[in-house]
Amino acid sequence: MFDHVVPQASSFAGGVDGLFWLITWIVGLWFIAAEGMFFWLMWRFRRRPGVPAMYVTGKEKHLKRWINIPHGLVLIFDVVIIVAAIRVWVDIKQTLPPADVTIRVNSQQWAWTFTDPGADGVLDTADDIRTTDELHVVTGKTYHFLLESKDVLHSFFIPAFRLKQDAIPGRIYTGWFKPTQAGDYDIQCAEICGIGHGVMGAKLVVEGADAHTAWLAQHANDGALATLTTPAPADTTKPAAPAAAGTH
Amino acid sequence: MAHATTHTVSHGGAHGGHHDEHWVKKYLWSTDHKIIAFQYLFTGMAMALVGAFMAYVFRMQLAFPGSNVPLWGVVSPGQYNALITNHGSIMIFWVAMPVLIAGFGNYLIPLMIGADDMVFPRINRLSYQLFLLSAIILLASLVVPNGGFGGAWTAYPPLSANRVYNTTPYGASLWVLAVAIEFVAFLLGGINFIVTAMNSRAKGMRAFDVPIVVWTIVIASILFMASVGPLIAGAVMLLFDQLAGTSFFNPNRGGDPILWQHLFWFFGHPEVYVVLLPAMGIVAEVMTVFARKKLFAYQTVIYTIIGTGVLSFFVWAHHQFVAGIDPRMANVFTVTTVLVSVPIAEMCFVYIATLYGGSIQFSTPMLWALAFLAEFLIGGVTGIYLGASGLDVFYHDTYFVVAHFHYTFFPIAIIAVFAGITFWFPKMFGRMMSDGWGKVHFWGTIIPFNAIFIPLFILGAYGEHRRIFDYHNFPHLATPEMQALRITATVALVVMLLFQPVFLWNFIRSIAAGPKADRNPWHANTLEWTADSPPPHGNWAELPECHRGPYEYSVEGRPTDFWPQDEQA
């Protein structure tokens, strides 16, 4: 897409951008051809004194061709776009590669809370690190995120990752990403969630393994606090929420 | 011509006499389809001013966050949400629907099929009265305590269902109530259109002699009827959740918020075509007249309309790709969504082909009609980006979506409406509008329109998400480059709004003092042009007969380049 503005910071960002350019080339050419033909016909058949219009029904074979051939081509290009779109989609949403780290992402009006499993790599233990509005991840590791909402719909959107997923109260959604490029990026809430929707942002820090270890050490003492404030497990009276991605 | 000279004598039937009725009965309590059309048209235009003012306020806030917006003041986040929510609701439900379907449908269907009025004139009157009631409720919802509803026009629960979350207990319920009543109004109107077009056609008018705009309005009404039921049910459930403590959409008590999304979009996507089709119909009428051409492949157009309509029922979940639906389902909806491009592209090709061999006069209505096609193509091709599920993961709920649907809805609700108003104005009011001022208004609208929304495509591609009142909270969206794009869009909007008084002045002055129009100033074929301008109550002294299709222009061997439908062979 425009990676000088929105860097490609995840493993699937390249695929999404490739799809963007594929579609841009295909529909761009069609668009220019259609508009070009349109404006040329306007100019060519502008009203001139003494030149009457033709009587054309549109059933003439030699004229109908001009509709039918492009029509068939549109269908063929549609198939190309559909195949490309589904390939990218399956990679992001329909597959779930094994996780190196599993984190929890909690959303509520109007903040993000992230839970890192800490040194032991297991969630809901004493060394969990909970942070509000700041998420630290390591390049090259595959993350699973467990996305939850406490109140209304929110949407977990990281433009640099080309990743977006709505958080639904009462469900735990399991998705994945693999950061590839270090840097600071925006996390947005992309689903309107009340009067604080406009301030519901967070910072994503993608860092190398060393920097991340240092960050973990710095927050190691937060463990007790984290345990105390670990959100209550989802209401067990509810029907088991289907995790949408990678359910199989 | 077949008809006798018409005058104000009633032709009998249910209409009764035409003698000096009280103005209340004549203009406010009328069952005349033309008066009801004007009621819808003027109410819709008034609501368009409200919706446009809202756009002005929130665009000013986006360009100059926190500043004192002239005519409004400082915009709070709650006000911002209410403004965007009601801008969208008004422009679709209280502008596009009443003007395109109800306004033009009421005015054109009886006149174009050669009928004296609608089949159910009193239901027609009731339809408008309910619509007016819904508009009043909506406007009232903006001034109740805690402010207007701010949960977006899609009103996703739990935000919309729970006053603790949306903080607008009165605004939210009044909004849902207004929407539900409005749908009932259009359901009544739509039934009337369908029955009238099926039963009241002029003698000799076969299905394929019916003008395209009548076809499109009738098919749009069928789509509306078939899709609106789930949404009315959903709206009632939402009202119950808000007011009676039910839990249809409350996940903590066994409800499902995603259910609303399915009900909403099962209606919401066909709704796009409900307003698109009449707009395409208007454009067909205008293009054929000012190109002096038969519509290219008339029957193909009708099949593409039907094809689009059927397909539109199977694409709704493309609004929900990232909403938490089963990811396998997204694949099905990607296929159906991208395939909509087949009938829509066919329709655009056919319209473009209609220009071939024409004698094109660039009058004001024709400029609007041509602009519709040129601009709608942008809306069409950008839809492909969003229908492609893999790319929608990024684009969903960004400004790319906003720009895309404004490139469809603006041509539909504004450009095609201006085409229709400037084209049928002589028939509606018996006078001509100024072509020169019409062109000033045209260019003053079209150029800024593109300057508003092209920057929004770029902002969307940069990852700018929707419904945010101040982007300074997002470091990567607060760059000077992006702010410059926002300011460009806002300045263009202000310029476009400043050109609208040109239209209003031209419109009002022409009603009062424009040059008198004769019956058929554009030398058009369809039956409405055989009635007086403006047509009297009952439309014709003697109902016309139909002898041919609507687009027999430039037939060889005839003294004139048009051949009215009612003229004996």
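1. The lining of the second largest cavity comprises nine nonpolar and six polar residues, with no charged residues among them. The model under review is a predicted one.

2. This second largest cavity holds about 90 Å³ of space. Of its 15 lining residues, those closest to the centre are B:Ile101, B:Phe186, B:Gly189, B:Gly190 and B:Phe193. In chain B, helix H3 (77-113), helix H4 (121-141), helix H6 (169-199) and helix H7 (212-243) are the elements that each contribute two or more residues to the lining.

3. Is B:Gln483 buried or exposed? Its relative accessible area is 15%, which is under the 20% cut-off, so B:Gln483 counts as buried.

4. Two kinds of neighbour may be noted for B:Gln483. Its side chain forms a polar contact with the side chain of B:Arg486, at 2.7 Å. When neighbours within four places in sequence are set aside, B:Gln483 is in contact with B:Leu62, B:Ala63, B:Phe64 and B:Pro65.

5. In chain A, strand E4 (residues 134-138) is mostly covered, as four of its five residues are buried. E4(A) pairs with strand E10 (residues 202-207) of chain A in the parallel sense, over five bridges. Which residue of E10(A) is the bridge partner of A:His136? That partner is A:Val205.

Key. Residues are numbered from 1 along each chain as its sequence is written. Chains are lettered from A and ligands numbered from 1 in the order in which they are written. This is a predicted model: local features need pLDDT of at least 70, side-chain atom pairs count only at pLDDT 80 or more; totals for chains, interfaces and linings use all residues. Side-chain values use heavy atoms; hydrogens and water are left out. Buried means under 20% relative accessible area, exposed over 50%, partly exposed in between (1.4 Å probe, protein chains only). A polar contact is a pair of N or O atoms within 3.5 Å; within protein, one must be able to donate a hydrogen and the other to accept it, and residues adjacent in sequence count only if both atoms are side-chain atoms. Contact means heavy atoms within 4.5 Å. On a 1 Å grid over the protein atoms alone, a cavity is a set of points where a 1.4 Å probe fits but cannot get out, and a pocket is an open set with protein on both sides within 12 Å along at least five of seven lines; lining residues have an atom within 4 Å of a point. Grid points are joined across faces, edges and corners, and a volume is the space filled by probe spheres set on the points. Ala, Val, Leu, Ile, Met, Phe, Trp, Tyr, Cys and Pro count as nonpolar, Asp, Glu, Lys and Arg as charged, and the others, Gly among them, as polar. Two strands pair if DSSP finds at least two bridges between them.
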